[in-house]
Amino acid sequence: MSAKALALASGSPRRFELLQLLDRPFSVVRPQVPEQIQPHETPLAYVQRLALSKAQAGAKLCDAGTLVLGADTIVVCGNEVLEKPQNYQHFVSMMTMLSGNTHQAVTAVAGVLNPIEDVVVSSANVTFKALSEAEIEAYWHSGEPQDKAGGYGIQGRASKFVTHLEGSYFAVVGLPMYETEKLIQTIEGRA
């Protein structure tokens, strides 16, 4: 038996656009889930917990029989999780860390079709060129970085900063396509 419906528990326009590419009708719900890493929580455990929490919260807003997808993306540089910039100074600090270095972008996607729950993870190593202060400031004023993990969108203006990418491009954007389709099929097959 397959799911009667599919829902995306996200307000992200990027995830909405990407999920459309799977050619499956879906609705959107926007649950409010606090995004705060816990003490001693690894970046991997954190991103998986957030994706599952979003899917679980979204499932409470949907009819029974709806497969709800939740996703979260983080950027990890060294051992530090870089989330959405809180302000300009925070953004500059993050861009300075990313400048001339390789970091990891990690996206977890969770599916909930009660009582079935599953989570998949996809990642990529992204290398930035060395950025000047003027480039960082101009990028901030473009308005693009404000709502993005790590303070950048690889699919937008920040693409000119990327010198190398190893892994899933779509994990960096925020919804790994292959893994998401496989997750849906797996959960529907278990329902």
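The structure is a predicted model, in which local features need pLDDT of at least 70 and side-chain atom pairs count only at pLDDT 80 or more, while totals for chains, interfaces and linings use all residues. Residues are numbered from 1 along each chain as its sequence is written, and side-chain values use heavy atoms, with hydrogens and water left out.

**Overall fold**

Let's start with the whole chain. It holds six helices and seven strands, where helices (H or I, at least four residues) and strands (E, at least two) are DSSP runs numbered from the N terminus. Along the sequence they follow the pattern β-α-β-α-β-β-α-β-β-α-β-α-α.

The radius of gyration is 17 Å, which agrees with the value near 16 Å that a compact globule of 191 residues would have; this quantity is taken over C-alpha atoms, and the globule rule is 2.2 Å times the number of residues to the power 0.38. The C-alpha trace spans about 55 × 35 × 25 Å along its principal axes.

Of the 191 residues, 48% count as buried (buried means under 20% relative accessible area, exposed over 50%, partly exposed in between, with a 1.4 Å probe and protein chains only). The accessible surface comes to about 9400 Å², and 51% of that belongs to carbon and sulfur atoms; areas come from the Shrake-Rupley method with a 1.4 Å probe, and for residues only the protein chains shown count as cover. Among contacts with a separation of 6 or more, 67% link residues 24 or more positions apart, a contact being heavy atoms within 4.5 Å.

**Nonpolar cores**

In soluble globular proteins, nonpolar side chains tend to be buried together. Here the largest nonpolar core has 39 residues, and Leu 69, Met 95, Leu 98, Phe 128 and Tyr 152 touch the most other members. Such a core is a set of buried Ala, Val, Leu, Ile, Met, Phe, Trp, Tyr and Cys residues joined through side-chain atoms within 4.5 Å. Strand S3 (residues 66-77) gives this core its largest share, five residues. A second, separate core of 19 residues includes Val 33, Ala 59, Val 68 and Val 81.

Leaving aside neighbours within four places in sequence, the contacts of Leu 69 include Leu 6, Leu 19, Val 109, Leu 183 and Ile 184. Phe 26, in the loop between helix H1 (13-20) and strand S2 (27-29), touches Leu 6, Ala 7, Leu 8, Phe 16, Leu 19 and Gln 20, not counting residues up to four places away in sequence.

**Residues in loops**

| Residue | Relative accessibility | Class |
|---|---|---|
| Phe 26 | 19% | buried |
| Gln 155 | 34% | partly exposed |
| Lys 160 | 60% | exposed |
| Asp 23 | 70% | exposed |
| His 40 | 85% | exposed |

Two of these deserve a look at the backbone. Asp 23, in the loop between H1 and S2, has a positive phi of about 55° although it is not a glycine. His 40 lies between S2 and helix H2 (43-59), and its phi is near 70°.

The loop between H4 and S7 holds Gln 155, which contacts Arg 14, Lys 148, Tyr 169 and Val 173 beyond its neighbours within four places. Lys 160 is found between helix H4 (133-141) and strand S7 (162-167); its C-alpha atom is 8.8 Å from that of Lys 129, 31 residues apart along the chain.

Finally, a cis peptide bond with omega of about 10° joins Asn 114 and Pro 115. Pro 115 sits in the loop between strand S5 (102-113) and strand S6 (116-128).
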